[in-house]
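Good morning, colleagues. Please take a moment to look at the sequence and the structure, and then I shall speak about charged residues.

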Amino acid sequence: MNYLTIPWENLGFGAFWLMLMAFLVALPCSQMGSFLILRRMSLTGDAISHSVFPGVVIAFVFTGDLASPWLIIGAGLAGLASTVFIELIHKKTRVKQDAATGISFTALFALGVVLMETMLGKNVDLDLDCVLHGRLGLLLEEQHREIFGLMVPQPILIMAGVALLTIFLMMLFYRVLLLSAFDQGLAASYGYKPAVIHYCTMFAVSFIVVAAFQAVGAILVIALLILPGAAAYLCTHRLKIMLLLASIHALLSAVGGLYLHVWFNTDMASAVVVSGGVLLILAWLLGPVDGLMWKWLKDEEETPDKDASHSACSE
Amino acid sequence: MNFLAVFDLLIPATGAGKAILAAVLLGAGAGLLGSFVVLRRVALMGDAISHAVLPGVVAGLIYSPDRHPGMIFLCAALAGLLGAGIVRALMSTTRLKSDTALGIVLASFFAFGIMWQSRNQAGTAGVMNFLFGNIGSINAADLKMMMVATVLLCVVVFVLKRPLLVMSFDEGFSQALGYPVRILNGIFYFLLTFSVVVALQAVGVVLVSAMLITPAAAAYLLTDKFGKMLLLSMAFGVLSGIIGGVISANVNGMPTGPVITLAATVVFAAVYFVAPKHGVLAKLLRTVKRRRRVRRENTLKAIYQIQESGGFTHEDVSLIEIARKRRNTEDHARKECASLLKYGFIEMSGDGHSVHLTAAGWKRAMEMVRNHRLWELYLTNEANYADDHVHEDAEKIEHILGANTVKQLEKDLDFPELDPHGKPIPQPQLLTPVS
């Protein structure tokens with residue numbers, strides 16, 4: 001039982017903050033990511049998390065302040081630019097969407113690196129370590145703010161705002177998102193413009209990616225976007241249940257991440273993702289819809305039947 | 001050993017020379033394999049593999065004695081292969097689509113690598129070099145390995161070119177041809193992982209994907225022949241390698257990998273606009289030309305119809321009549337007639353306010369009207385359309401029907417004389433209107 005209480009003994013209330021922060025980052029990602037999976041656009045998260053880079057660098061060059069909201073706006077614009085490039089390439093030529101995605105985001109990322117090296121010089125504050133690990137591990141050292149007599153780390157407040165906004169917007173536009181995820185033509189026939197939906201979705205993804213990016217780093221954002229939705233997708237055929245399961249996945253990976261972080265003394269952000277990955281493997285094996293286990297069991301039950309029908313046919 | 005000594009001779013002495021040679025080798029190898037990647041629509045497989053090798057790199061750094069590069073390479077390749085295998089397994093056993101499967105593997109493997117690395121920071125100091133690549137740090141031994149790898153890659157691809165090509169377009173068909181699809185797939189993903197790991201040290205995780213995708217996509221826009229695509233893609237890879245290498249050697253502070261990527265992107269952008277057949281400008285030009293032709297032919301048809309409604313008694317048709325028929329201004333009609341004049345379909349008569357058709361004009365106009373009416377008849381007779389629903393469709397297809405299709409239509413409809421609305425179908429071969 002000692003294992004279960006270790007984080008609380010070591011970190012005290014800090015453990016709760018870490019877990020809450022991880023959940024608040026994973027929650028909006030999980031909801032948005034579910035729709036991305038249904039739209040077969042999982043890798044746009046990958047593309048956007050890389051392409052926001054030049055936007056961040058340019059905004060940083062102009063403001064010189066890492067906390068400036070211009071960074072988020074710059075990043076959002078760069079994310080949109082990459083979406084536009086992808087569309088320009090795969091709509092206008094015979095290059096397919098996956099290759100178009102690859103061309104756009106690598107180009108923007110490379111541009112970002114070159115800009116960073118040439119315009120910021122050596123005294124860069126945008127360190128690569130932050131791109132990989134994020135600042136989740138530093139959460140407890142960030143500035144705290146008093147809310148209702150409780151000292152709350154500031155990033156939690158920001159992320160809570162992002163999560164609430166995302167969920168509010170998704171409830172508001174649930175019908176549009178649902179329609180366009182399954183049948184773009186039907187959505188268009190109801191008068192929802194596919195292009196508008198597409199670009200709004202992409203802007204929302206850029207926004208969430210940028211918000212989550214500072215916490216968990218560029219690549220782990222992709223994991224938070226895809227893993228919850230994918231695990232939920234393996235367990236159900238219904239969208240509402242999928243969204244619910246995805247948020248439960250987000251919560252469980254936050255809890256699991258905390259324990260992995262403390263047990264093995266590892267980086268917190270990647271621990272959250274790894275525990276999310278373990279949950280996905282469980283869903284892959286045991287999921288009620290796609291679980292490998294049930295398929296194997298069914299196969300074993302059916303094998304004699306198959307033989308019987310074969311012999312019946314041959315007779 | 002003799003064989004390897006040849007490679008020794010090729011290795012340049014200066015650091016910049018080495019970097020450029022590495023970029024060239026990389027461009028050639030990735031460009032070659034990239035053609036298959038782009039055709040098979042697994043463009044982001046390279047991206048997934050390059051991220052998935054991370055746990056392998058970490059394991060290699062921690063456990064191999066003296067950080068032997070060969071061991072690290074091997075561990076990385078194993079992790080990459082495992083990742084590729086899991087992607088295939090996820091796709092074949094669940095409803096998840098390729099993009100999600102790739103994303104899952106990419107992100108989970110990478111996260112696992114990062115987690116492992118964060119536990120063992122001291123043992124894994126070189127991880128950053130692997131992730132972001134540093135072409136300047138490539139030494140003679142690395143170069144020799146890259147050369148051997150590139151030569152090997154070229155040999156395997158050219159030996160297996162045909163089965164790999166067939167499989168890229170249609171796995172089922174290649175199975176029917178008797179190719180061992182599973183083995184070929186294995187070889188393909190092995191080669192891909194191999195070249196990703198080789199390239200990783202030079203350009204880093206993200207930019208490996210660029211080297212695989214961008215030159216091949218540019219080549220894909222330039223040619224319809226697979227052999228040519230392979231060569232072009234290699235050439236573009238080498239070209240961007242050289243440009244990137246030279247720029248970053250001469251301009252202070254320019255990182256090589258990103259500059260190579262940007263060079264490849266510039267090449268792609270140029271091809272995107274000016275490629276003769278699949279380029280955006282060529283397509284735009286074709287659309288504009290087609291629109292102009294359609295407009296011209298519609299005006300010709302209008303002149304014919306005006307003549308027809310007059311019982312073909314007047315030779316001249318006034319611009320005002322054309323404008324009214326086309327529901328447009330007189331200026332507009334004049335402009336369209338000027339274009340017809342240029343092509344020799346009409347001649348101006350009298351004071352320049354009216355026109356008459358030349359022999360060529362008559363022929364083309366009659367062809368248009370015939371195509372239109374034949375198609376209307378075909379839709380009502382053979383496809384059971386109502387006769388008030390056929391005009392729009394015929395209006396589009398009249399410009400496209402070729403001589404053979406027209407012959408076939410006439411035969412199928414038993415050489416008709418009247419369209420569904422009772423109007424006569426002209427016969428351009430007689431060169432006189434049916435009156």
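This is a predicted model: local features need pLDDT of at least 70, side-chain atom pairs count only at pLDDT 80 or more; totals for chains, interfaces and linings use all residues.

Over all chains, the structure holds 14 salt bridges. I shall present three of them.

The first topic is a contact between chains. Arg94(A) forms a salt bridge with Asp224(B), and their closest N and O atoms are 2.9 Å apart. Arg94(A) lies in the loop between helices H4 and H5 of chain A, while Asp224(B) lies in the loop between helices H12 and H13 of chain B, so this pair joins two chains. Arg94(A) is partly exposed, with a relative accessible area of 23%. Asp224(B) is also counted as partly exposed, at 47% relative accessibility.

Let us move to a pair within chain B. Glu336(B) and Arg326(B) form a salt bridge in which the closest N and O atoms are 3.5 Å apart. This pair links distant parts of the chain, 10 residues apart: Glu336(B) sits in helix H17, and Arg326(B) in the loop between helix H16 and H17. Is Glu336(B) buried or exposed? Its relative accessible area is 10%, under the 20% limit, and therefore Glu336(B) is buried. Arg326(B), at 26%, counts as partly exposed.

Arg364(B) is partly exposed, at 22% relative accessibility, whereas Glu367(B) is buried, at 15%. Both belong to one network, joined by salt bridges that share partners, together with Arg293(B), Glu297(B) and Lys363(B).

A positive patch is formed by seven residues of chain B, among them Arg286(B), Arg292(B), Lys335(B) and Lys342(B). Which helix supplies the largest share of this patch? That is H15(B), with 5 residues. Helix H15, residues 280-309, and helix H17, residues 330-342, each supply at least two residues. Arg292(B) is found in H15, and Arg292(B) is exposed, with a relative accessible area of 52%.

Finally, the domain. An unreviewed UniProt entry annotates residues 358-427 of chain B as "Iron dependent repressor metal binding and dimerisation". In the model, this span is 57% helix and 0% strand, and its end C-alpha atoms lie 16 Å apart.

Definitions and conventions. Residues are numbered from 1 along each chain as its sequence is written. Chains are lettered from A and ligands numbered from 1 in the order in which they are written. Side-chain values use heavy atoms; hydrogens and water are left out. UniProt positions are given in the numbering used here, feature names are shortened, and annotations may be inferred rather than shown by experiment. Helices (H or I, at least four residues) and strands (E, at least two) are DSSP runs, numbered from the N terminus. Patches are made of residues with over 30% relative accessible area and no salt bridge: like charges are joined within 9 Å, nonpolar side chains (Val, Leu, Ile, Met, Phe, Trp, Tyr) within 5 Å. Accessible areas come from the Shrake-Rupley method with a 1.4 Å probe; for residues, only the protein chains shown count as cover. A salt bridge is a side-chain nitrogen of Lys or Arg within 4 Å of a carboxyl oxygen of Asp or Glu. Lys and Arg count as positive and Asp and Glu as negative; His and the chain ends are not counted. The place of a charge is taken as NZ of Lys, CZ of Arg, CG of Asp or CD of Glu. Buried means under 20% relative accessible area, exposed over 50%, partly exposed in between (1.4 Å probe, protein chains only).
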